[in-house]
Amino acid sequence: MVSSVYLFMLVHSLILLLCFHLMVTNSTSSMQPLCDDNESSALLEFKQSFVIAQHASDDPFAYPKVATWKSEEGSDCCSWDGVECNKDTGHVIGLDLGSSCLYGSINSSSTLFLLVHLQSLDLSDNDFNYSNIPSGVYQLSSLRTLSKLVFLDLSQNQLKLQKPDLRNLVQKLIHLKNLDLSQVNISSPVPDTLANYSSLDILQLPSLQFLSVRNNPDLTGYLPEFQETSPLKLLTLAGTSFSGGLPASVDNLDSLNELDISSCHFTGLVSSSIGQLSQLTHLDLSSNSFRGQIPSSLANLSQLTFLEVSSNNFSGEAMNWIGKLTKLTHLGLDSINLKGEIPPFLANLTQLDYLSLEFNQLTGKILSWVMNLTQLTSLALGYNKLHGPILSSIFEQVNLEILYLHTSSNGTGPKFKVLGLASCNLGEFPHFLRNQDELELLKLSNNKIHGKIPKWIWNIGKETLSLMDLAHNFLTGFEQPLVVLPWASLIYLELSSNMLQGSLPVPPSSISTYFVENNRFTGKIPPLFCNLSLLHMLDLSNNTLSGMIPECLSNLSNSLSVLNLQGNNFHGAIPQACEVGSKLKMIDLSQNLLEGPVPRSLTNCTVLESLNLGNNQISDTFPFWLGVPPELQVLILRSNRFHGAIGKPRTNFEFPKLRIIDLSYNSFSGNLPSVYFLDWIAMKSIDADNFTYMQASSGFATQTYKLYDNYTYSMTMTNKGMERVYEKIPGIFRAIDFSSNKFKGEIPTSIGTLKGLHLLNFSCNSLTGRIPTSLRNLTELEALDLSQNHLLGEIPQQLTEMTFLGFFNGNPGLCGYPLIRKCGNPKQASPQPSTSEQGQDLEPASGFDRKVVLMGYGSGLVFGVIIGYIFTTRKHEWFVKTFGRRQQRQQGRN
């Protein structure tokens with residue numbers, strides 16, 4: 001009995017001891033500090049400074065992390081989503097708000113900078129509305145905030161890096177390991193940032209291992225020498241504007257695992273010292289202007305798994321060394337002047353998953369070597385002269401643009417993931433497509449496929465198809481029309497330039513790009529279009545669509561960047577197209593039957609670059625408030641019912657980037673807007689080297705492929721007495737067309753400040769007085785039309801000495817060359833020229849412009865007023881080189 005009691009007491013004591021231990025443990029745990037009240041308040045106030053908007057983040061899995069942040073009693077900010085606290089002190093040391101759907105602005109008064117113990121900060125993939133990165137970021141280092149920061153990610157935010165500049169931002173971050181400024185507007189001068197490491201020492205930060213400034217075209221200049229003892233493991237400069245060569249000191253980056261300098265402007269030879277980067281696994285030199293041979297020293301990079309050298313001026317010779325890189329899974333060799341048969345070394349690269357040999361001059365058979373690459377899922381062979389059993393059995397030896405294939409596990413034949421048969425002279429849909437249930441991309445554009453789209457097409461890749469391109473064929477309709485297209489993952493659909501009839505097909509909710517221009521679709525825009533919340537580019541132009549433009553399209557302005565409804569029969573008022581946070585960059589509603597005023601909501605389009613409302617029935621006064629959107633470059637209001645005086649600007653800074661304005665064929669009255677002429681600063685610059693075209697960019701990536709697409713803007717203007725369509729709008733072009741209105745008074749001398757003008761048209765108004773001599777300052781002018789006014793006096797000699805084309809007829813008070821009427825003989829009447837004589841007045845004596853225009857039409861490009869400028873001796877070589885390349889790249893997208 002005693003022993004039993006003793007045993008009971010012992011067990012009881014052990015239980016009590018265990019319970020006491022648990023109580024002490026729980027008590028100790030509960031004694032760990034909660035989040036600091038001041039920091040909790042700072043976080044809540046930071047949350048309140050933003051709007052939660054799904055459009056603010058591009059990641060499809062984005063969600064508002066701050067939704068869990070609440071001021072309820074007992075709420076511990078250390079438990080909030082995205083917040084990390086020190087377990088001993090309770091201070092906030094980490095903030096991860098990447099892809100959190102935040103929309104708003106940041107400035108130095110933000111309570112973010114009260115988090116003085118912060119060590120990690122991720123604000124990537126939000127929309128900070130083009131606000132500058134505030135100076136408080138680098139000032140935090142004096143508050144012990146960023147002095148311990150090891151990770152800083154500000155990528156893919158609408159941020160500008162001006163004050164502080166890059167140097168001030170990172171100069172004190174001695175513990176910084178990861179710095180990601182991808183797609184941040186780094187506009188501070190390069191000599192003070194990346195181009196002078198001795199002053200910034202950005203690559204000498206002792207802990208920096210990851211640096212990405214991807215897609216920052218404002219970073220220009222030459223890449224400096226790399227310093228020794230750099231710990232960098234990843235360096236991404238892709239999409240910047242560095243030029244010159246790659247310095248030999250690249251071998252100092254001996255810890256580098258990934259080097260991406262694609263799509264920069266590098267030239268010259270690739271330094272052989274790059275072969276000393278023995279840790280390199282990823283190397284991308286593509287889309288530059290490197291020349292000569294690819295250095296054989298790359299054979300030393302035995303760890304390399306990714307190699308892209310495409311789209312350079314390499315000689316494409318002596319490349320057998322690639323066969324030694326047996327770990328390669330990705331190899332891009334397109335557009336590097338490869339000739340002859342397929343290189344035999346490819347058979348050794350048995351780990352290849354992706355191989356591109358497009359745009360070379362390769363010949364020979366395919367099957368004999370491709371079967372050795374058992375891991376291959378993506379093979380691009382377009383624009384070569386290859387043949388073989390696979391091709392001959394399916395396509396009868398037509399030249400493929402792209403062929404991506406992988407072998408089916410059930411042995412029923414090849415299964416395609418990405419299949420491009422553009423420009424293959426196909427007359428019908430290939431029958432083998434019926435069994436392609438794993439397709440992700442299908443391109444059949446630029447063929448001769450007639451008739452209706454077969455109903456079995458709906459079964460292709462129902463769950464996998466993300467891109468379908470049937471443009472530029474002779475398709476007339478659908479064998480089995482569907483209200484909503486069945487491809488659940490479709491992102492890109494192009495049916496342009498066919499003869500398709502009937503109602504618009506509705507794409508699935510996953511769609512981002514939808515092009516159906518130049519067809520015969522009729523009826524209204526289906527209401528289901530209003531649910532396409534991911535839509536990025538919409539082009540329905542040149543069809544026969546009718547009805548009113550749906551008001552609900554404004555709901556899409558937070559995702560849409562391009563809206564083109566030109567050339568239809570839409571009527572009624574223009575809807576309120578833009579909400580706060582709009583991403584619209586181009587709006588073209590021209591050549592419809594729209595009426596009423598211009599909606600004021602367009603001021604919300606803060607990134608709008610081009611607005612074309614021409615050829616409608618819009619009745620309004622001059623929409624001066626369109627001077628608010630800071631990026632607007634093109635404004636076309638021609639052929640409407642606008643009226644009244646333009647007046648003076650309401651603020652000191654309106655239309656800061658406007659360079660093309662067309663108000664012709666309206667009823668504007670009053671004097672010409674002389675004050676505006678003084679304020680239009682973009683027209684004052686001579687941007688002679690800006691050989692770009694206005695465009696919006698789009699792209700997406702799947703696990704199998706990437707797509708980059710540029711949508712070029714277009715317009716119609718009167719040039720040299722003829723209405724011309726500009727299929728592309730060059731970046732150097734500057735124009736004013738106020739013709740066919742009711743303007744009166746004298747031509748203001750302030751017009752002479754717009755030195756960058758190429759076209760100036762004040763014809764068919766009621767202008768009086770003399771032609772101002774300040775026009776002689778317009779040295780870039782290619783077309784001047786002052787005809788059909790009431791101007792008088794002698795034509796300034798400086799204008800007669802210019803070689804551009806000019807109209808002066810229809811001003812009975814003018815005299816002097818080039819008119820027939822001589823000055824000093826007022827009794828001699830100035831006869832009204834006939835139509836044929838007017839045409840002759842347009843033609844220069846040499847006939848040079850006519851030849852140039854014909855060349856422009858022949859190449860499918862109309863330069864209009866700037867043709868004479870581009871085809872000067874010093875620009876002709878550029879035009880041939882650049883336009884030829886653009887044509888080739890365009891083919892590559894077909």
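Colleague: Starting with Cys 101, is it buried or exposed?
Modeller: Cys 101 is buried, at 1% relative accessibility. Buried stands for under 20% relative accessible area, exposed for over 50%, and partly exposed for what lies in between, with a 1.4 Å probe and protein chains only.

Colleague: And where does Cys 764 fall?
Modeller: Cys 764 has a relative accessible area of 34%, which makes it partly exposed.

Colleague: What sort of model is this, and how are the residues numbered?
Modeller: It is a predicted model, in which local features need pLDDT of at least 70 and side-chain atom pairs count only at pLDDT 80 or more, while totals for chains, interfaces and linings use all residues. Residues are numbered from 1 along each chain as its sequence is written, and side-chain values use heavy atoms, with hydrogens and water left out.

Colleague: How many disulfides are there?
Modeller: The search of the whole structure gives 5 disulfides, taking a disulfide as a pair of cysteine sulfur atoms within 2.5 Å. Counting bonded cysteines along the chain, the pattern is 1-2, 3-4, 5-6, 7-8, 9-10.

Colleague: Which cysteine is joined to Cys 35?
Modeller: Cys 77, with 1.7 Å from S to S. Cys 35 sits in the loop between helix 1 (2–30) and helix 2 (37–48), and Cys 77 in the loop between strand 1 and strand 2, so-called distant parts of the chain, 42 residues apart. Helices (H or I, at least four residues) and strands (E, at least two) are DSSP runs, numbered from the N terminus.

Colleague: What is the handedness of that link between Cys 35 and Cys 77?
Modeller: Right-handed, with 80° about the S-S bond. Cys 35 and Cys 77 are both buried.

Colleague: What about Cys 78 and Cys 85, right-handed or left-handed?
Modeller: The torsion about their S-S bond is about -95°, so that disulfide is left-handed. The sulfur atoms of Cys 78 and Cys 85 are 2.2 Å apart. Cys 78 is partly exposed at 23% relative accessibility, whereas Cys 85 is buried at 14%.

Colleague: Where do Cys 530 and Cys 552 sit?
Modeller: Cys 530 is in the loop between strand 38 (520–523) and strand 39 (537–539), and Cys 552 is in the loop between strand 40 (544–545) and strand 41 (562–564), 22 residues apart. A disulfide joins Cys 530 to Cys 552, at 1.4 Å from S to S. Cys 530 is buried at 16%, and Cys 552 is partly exposed at 21%.

Colleague: Changing topic, how many salt bridges?
Modeller: The whole structure has 4 salt bridges, a salt bridge being a side-chain nitrogen of Lys or Arg within 4 Å of a carboxyl oxygen of Asp or Glu. One of them pairs Asp 96 with Lys 65, the closest N and O atoms being 3.4 Å apart.

Colleague: Why does the pair of Asp 96 and Lys 65 tie together parts that are apart in sequence?
Modeller: Asp 96 is in strand 3 (residues 92–96) and Lys 65 is in the loop between strand 1 (51–52) and strand 2 (83–85), so the pair ties together parts 31 residues apart in sequence. Asp 96 is partly exposed at 35%; Lys 65 is buried at 10%.

Colleague: Which residue does Glu 723 bridge to?
Modeller: Arg 638, with the closest N and O atoms 3.2 Å apart. Glu 723 is in strand 54 (residues 722–726) and Arg 638 in the loop between strand 47 and strand 48, 85 residues apart. Glu 723 is exposed at 56%, but Arg 638 is buried at 2%. Salt bridges with shared partners join Arg 638, Asp 662 and Glu 723 into one network.

Colleague: And what does Lys 657 pair with?
Modeller: Lys 657 forms a salt bridge with Glu 631, with 2.7 Å between the closest N and O atoms.

Colleague: Last topic, what is the order of the open sheet of 3 strands?
Modeller: The order is 42-44-46, with parallel pairing, where two strands pair if DSSP finds at least two bridges between them. The edge strands are strand 42 (571–573) and strand 46 (617–618), each pairing on one side only. Strand 44 (residues 593–596) is joined to strand 46 by 2 bridges, and the bridge partner of Gly 596 in strand 46 is Ile 618.
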